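This briefing covers a pocket, a sheet and a helix. Please have the sequence and the 3D view open while reading.

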Amino acid sequence: MKRTNYAGLIDESYEGQTVTLDGWVQKRRDLGGLIFIDLRDREGIVQLAFSDEISKEALTVAESIRSEYVIEVQGVVKARTAGAENENLHSGKIEVQVTQVEVLAEAKTTPFLIEDGVDASDETRLKYRYLDLRRPEMQENLRVRSKITAATHEFLDQAGFIDIETPYLAKSTPEGARDYLVPSRIYPGSFYALPQSPQLFKQLLMGAGFDRYYQVARAFRDEDLRGDRQPEFTQLDIETSFMNQDEIRELVGEWVKAIMQKTVNYDLDPTTIPVLTWEESMRRFGTDKPDMRFDMELQDLSDMMADSAFGVFSNAIANGGMVKAIVVPGGAEKYSRKEIDKLGKYVERFGAKGLAWLKITDEGITGPIAKFLTEQADALLETTKAQAGDLILFAADQANVVNPTLDALRRMTAQTMDLIDDQKWAFAWIIDWPLFEYQPEEDRWIAAHHPFTMPNEADLPLMATTEGAHQAHAQSYDLVLNGYELGSGSIRIHRMDIQQQMLSALGFTPESAQEAFGFLLEGMEYGFPPMGGIALGLDRLAMILAGRDNIRDVIAFPKNSKATEPMTDAPTLVSKAQIETDLGLTAPEYADTDAPNMAEE
């Protein structure tokens, strides 16, 4: 027998035809002399019918079939009896009356049911990932991912971009997350690094004159994991020459429009995407990746509270800090004192020392700090536009505490109050970023994006000194969707003098800069064009468009939160012989003396 179509695609248009189908048994129902089997493949489910009247031989085989058996059947498509239709299935008006059946593979009982909404732990799902991927919702997630890459290839090919691969084994360079290192067998003691991005190579491609490059690029970063982060991930990476950032953002808008149309059938108008400076985004939302599907913007009340009787507020302002607040519509009834205390404990992770709050009633303000704000009450209500039934949450401290605290509270309370439209796509461009940011933990300045980002033209004079450079802003632009950073891009430095100034401001000496980036610096001496680009995170974009809240759900074989892969048990120890003999390195004490030397075998 030879498959004539996918099981899930069979419908009433096939009525009367003989079809051959392959797939997995989703469910079997034995009614005594009549057996129904739901056959599942990647396109969906079709009902199979077995009976004496159709084929005694097929019925006999069906009696032994169990869930997840792989079978092949041949039969005639017939309309279901009246009242037996299933409107939830594409094939719900028909069934296949089976005349021949062959069991291609038996299956033991699975550790969880192969169905959507399965009640199984993440670790179990990852250990049996090949079973988890049989579930329709997981297959749909990977379809979304595939549609994104298909739209990307189609759009960028037509826009004149050239698909070029860059190396996976590359030089380890500083300034970024930790590298994954790969030891060299030929040069003992030397290491390659898996790329954190194709950044330097794509700049070199612009120097080589390719003008428009793109790649569906794998990248690797040895960093702590979150729900939207993995140690290995995929970027939709582009670079182009002779375009300014406005032109690049216009191009990317059209590209994302093509993705949205092909993937979720959404007609995005790129010209309506709001453009916010970094400062504006931080002021209004407390974050550089604002979720703009709802309001509840941060309100700066510093001037109003500078002379308030509430010492927490007035002292914060006197010490160079600020007081900001958000208004939670209807929050006065939703949040009890106990629940607000929980919010206060939650924001301690952002450095907040507590959470001040007020509830608004028809009579005015009420709450633990109301007695300290009697003089500011009227101005507070007028400024915040808070209404009876609303809850006001305050944060008072330095900006690096206040902003993340209220950003977190804004997102959390909006979710609780059901203020977020899950069907809405809210894009935003964030531009004019600081070129550098200070890391107090390490007591040093780092590049806000990367060391190859061009400063704003107006800030170029600042690059002459280290102190001035740290005040400069960048020709950079991030694309945000529903509160997630979707892509990060910038105009790149193409002039040697500016690149040297940038590296100097980061603490590189001429010698260390040459050691780390000599190949790039030398390339600039041969004439590099003005260039810029962006990389969209494929995994994160697929997660958002598929409506998932964990990036693992759109990756076929992801790592868990401990950066391990439960299905294969990676990473694993290797033998001392493999380390010492094959790589010429000294094996650590914890190396597995019993592990096989796979290279020898």
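The lining of the second largest pocket divides into 19 nonpolar, 3 polar and 3 charged residues. Nonpolar here covers Ala, Val, Leu, Ile, Met, Phe, Trp, Tyr, Cys and Pro, charged covers Asp, Glu, Lys and Arg, and the others, Gly among them, are polar. The model is predicted: local features need pLDDT of at least 70, side-chain atom pairs count only at pLDDT 80 or more, and totals for chains, interfaces and linings use all residues. Residues are numbered from 1 along each chain as its sequence is written, and side-chain values use heavy atoms, with hydrogens and water left out.

**Pocket**
- The second largest pocket has a volume of about 860 Å³.
- Among its 25 lining residues, Leu181, Pro183, Pro571, Thr572 and Val574 are the closest to the centre.
- β7 (181-183) and α18 (576-582) are the elements that each give two or more residues to this lining.
- The largest share, 3 residues, comes from β7.

**Sheet**
- An open sheet is formed by 5 strands in the order β12-β13-β16-β14-β15, with antiparallel pairing.
- β12 (299-300) and β15 (364-366) are at the edges with a single partner strand each, so one side of each has no neighbour in the sheet.
- Strands β13 (residues 322-328) and β16 (residues 391-397) run antiparallel and are joined by 7 bridges.
- Val323 is opposite Ala396 in β16.

**Helix α17**
- 8 of the 8 residues of α17 (residues 538-545) are buried, so this helix is largely enclosed by the rest of the structure.
- Buried means under 20% relative accessible area (1.4 Å probe, protein chains only).

Conventions:
Buried means under 20% relative accessible area, exposed over 50%, partly exposed in between (1.4 Å probe, protein chains only). Helices (H or I, at least four residues) and strands (E, at least two) are DSSP runs, numbered from the N terminus. On a 1 Å grid over the protein atoms alone, a cavity is a set of points where a 1.4 Å probe fits but cannot get out, and a pocket is an open set with protein on both sides within 12 Å along at least five of seven lines; lining residues have an atom within 4 Å of a point. Grid points are joined across faces, edges and corners, and a volume is the space filled by probe spheres set on the points. Two strands pair if DSSP finds at least two bridges between them.
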